[in-house]
Amino acid sequence: MSGCRAERLCLSGLSAVLLLTLQVAAAGAQTGAPTPLFPAQPDESTPPPQASPGVVPPASSATKPTAGSIEATPLEEIVNDAIGPLEGPDSLGQDLWRGTSRSLAEALIPQIPSAGSPAARGLARRLLLTSARPPEGSGSADLILLRADRLLGLGYAGDAAELRSLAPVGRMDAIRAGQLADALLLAGRINHACALIDQNAAFAADPAGERLSVLCALHIGDRDRAYFLFDLMREQDSADPTLGAAIAIADGATDRSLPEDARPTPFLLAMLAEGKAAPPDRWLGSAEPAYLPALLALPVASETRVAAAERAARLALLDPAVLAAAYQGLKIETKEREAAAASPRPETPRRRVALHQAVQQTADPIARARLVRQALEFSRADPLLAATARLHAPFLRALAPVQELAGSAPTFARALFLAGDPEAARRWVALARANAADPGIAARLPGLALLSALAGETLPAWNQVARTFLERPAPTPEGARLAAVARLLPLDAGAVQPGAAPPAGGFFDPGLGLALRNAAAARRVGETVLFALIAIGDGGPASTDAGALAEALTALRRIGLEAEVRDLAIEAAIANGA
């Protein structure tokens, strides 16, 4: 999804097909029939699709009949490659793919954007992990592997490993077994990775399996076997210089280091973890998202580690406690903490570290609250704001909304809304409303009204304030996005429903919008979610086109994803000035 969407015309080829096929299928869309988006005729130049690794092919010939007998043909084992570890109310339902063609699902899943939006990423993760009946028709890809690859691209190594593990391990080829082993190692599940050696003979004989055998021997304390296997690999010319250094490090050597040209791999990260050794600092700045949690689990304290932790936090790949540990691990002098506390906003990673340490070392609740406010006062459009809000949410929940903190009330309320705790946020909203005579607080009340309404506030007068973003939008891209969000609010009796969605700013593909509306009208859940995520794009709800945001939120609400709509809308509202 990198190159084509960067040109903002990634779906332009698809759009032309959409506009033609959706016109023909308009009646079908109204009745819930799936809309064909690709030519139905098979391409005879394309080789037939390979069988899924979890499918047992039928026998080459039927059982030979004898006189008076009934001819028996062995049945092919049916394997559902749309299964997943997420079921029940946490999933998107068994009918996730009902009405969607398999070819369309296969085409759209790899296009799920790598947005920095926690809400968009959470929805994508839920879609990819849901256990469902497979899409309709035949395809050319294994949906387990397709979904696992996208999860890994989004940074969810543990989820990718769990999904890949649903395929029969013994029937995987060496490459696929190796990919599963890599995902397990990134997820820190070394025992499960080692079990693959016994479960898959092809992988055990592969160089990747042989290297893993060395790690597994060290992991259980069998040094003799580990070095024996390494010597055997050297005799067969299948060992590289990096492996020797990695073995020494995993065995506890503190005077060895990896070669300068060594690149991070799941295997090397696992070897470093085995030896409780720090990675090269350069890895932290260049690693793929899926590698970040494993790298951050290694013992290293540096500004590069802080930057990597913040990057992972922006992608919602780690618990706030991991970010806090990275902040606490960097040595900061007292003067630097004092300077950070006096600064209006923490605009650099090092200053955020200094401010966080100042927060932790301050015992007085009021003084600490004021430092927390500073920590939350950087760009609202920065995805790190959501991680920072979650980091400080426990303190804000326990903090009493006293009059002395009235000036901080809008900031604290916004942080708690973003952290997913509207009940705690309402206490600070009430404090802000009680101080409406303060011009600084009064200017922020409409934004709080919008956030409160999105979170379920029903007070008519308060909600009327929120609707000003729709009725009198600011003539800016931010104002258009706030208007798109405000369209979600319930109307008073007798009020006139707003007309069409805000016009697109020139980058939203109209064919995509038509496909999104069609999928939502037919209640094709998985298809709607995929089109909505693609419409929202890499920038997430904070910066997408206003028309795309309105279309996506409306479509997701139509298929019943109210909680997801609320989270996306709150992100968009806060990032755009609410």
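## A first look at this helical model

Glycine 158 is partly exposed, with a relative accessible area of 29% (buried means under 20%, exposed over 50% and partly exposed in between, using a 1.4 Å probe on protein chains only). This is a predicted model, so local features need pLDDT of at least 70 and side-chain atom pairs count only at pLDDT 80 or more, while totals for chains, interfaces and linings use all residues. Residues are numbered from 1 along each chain as its sequence is written, and side-chain values use heavy atoms, leaving out hydrogens and water.

Let us stay with glycine 158 for a moment. Glycine 158 belongs to helix H7, residues 157-164 (helices are DSSP runs of H or I with at least four residues, strands are runs of E with at least two, and both are numbered from the N terminus). Leaving aside residues up to four places away in sequence, glycine 158 touches Ala187 and Arg189, where contact means heavy atoms within 4.5 Å. Arginine 189 is 31 residues away along the chain, and its C-alpha atom is 8.5 Å from that of glycine 158.

Now for the whole protein. Its secondary structure comes to 33 helices and zero strands. Of its 578 residues, 50% count as buried. Among contacts between residues at least 6 apart in sequence, 63% join residues at least 24 apart.

In soluble globular proteins, nonpolar side chains tend to be buried together. Here, the largest nonpolar core has 186 residues, and Leu450 and Val529 have the most contacts inside it. Such a core is a set of buried Ala, Val, Leu, Ile, Met, Phe, Trp, Tyr and Cys residues joined through side-chain atoms within 4.5 Å. Apart from residues up to four places away in sequence, valine 529 touches Leu92, Leu123, Leu127, Leu556, Ile559 and Leu561.

How many aromatic pairs does the structure hold? There is one, formed by phenylalanine 412 and tryptophan 428, edge-to-face, at 5.1 Å centre to centre and 85° between the planes. Phenylalanine 412 lies in helix H23 (residues 409-418) and tryptophan 428 in helix H24 (residues 422-434), so the pair ties together parts that are 16 residues apart in sequence. Rings of Phe, Tyr and Trp (its six-membered ring) pair if their centres lie within 6.5 Å; planes under 30 degrees apart count as stacked, over 60 as edge-to-face and the rest as tilted. Phenylalanine 412 is buried at 0% relative accessible area, and tryptophan 428 is buried at 0% too. Beyond four places in sequence, the contacts of tryptophan 428 include Leu396, Pro401 and Ala409.

| Charged residue | Ring | Distance to ring centre |
|---|---|---|
| Arginine 125 | Tyrosine 156 | 5.8 Å |
| Arginine 433 | Tryptophan 462 | 4.2 Å |

The lining of the largest cavity includes Tyr327, Arg352, His356, Phe378 and His392. Helix H20 (349-360) and helix H22 (384-398) are the elements that give two or more residues to that lining. On a 1 Å grid over the protein atoms alone, a cavity is a set of points where a 1.4 Å probe fits but cannot get out, and lining residues have an atom within 4 Å of a point.

Notes: A charge sits over a ring if NZ of Lys or CZ of Arg is within 6 Å of the ring centre and within 35 degrees of the ring normal. On a 1 Å grid over the protein atoms alone, a cavity is a set of points where a 1.4 Å probe fits but cannot get out, and a pocket is an open set with protein on both sides within 12 Å along at least five of seven lines; lining residues have an atom within 4 Å of a point.
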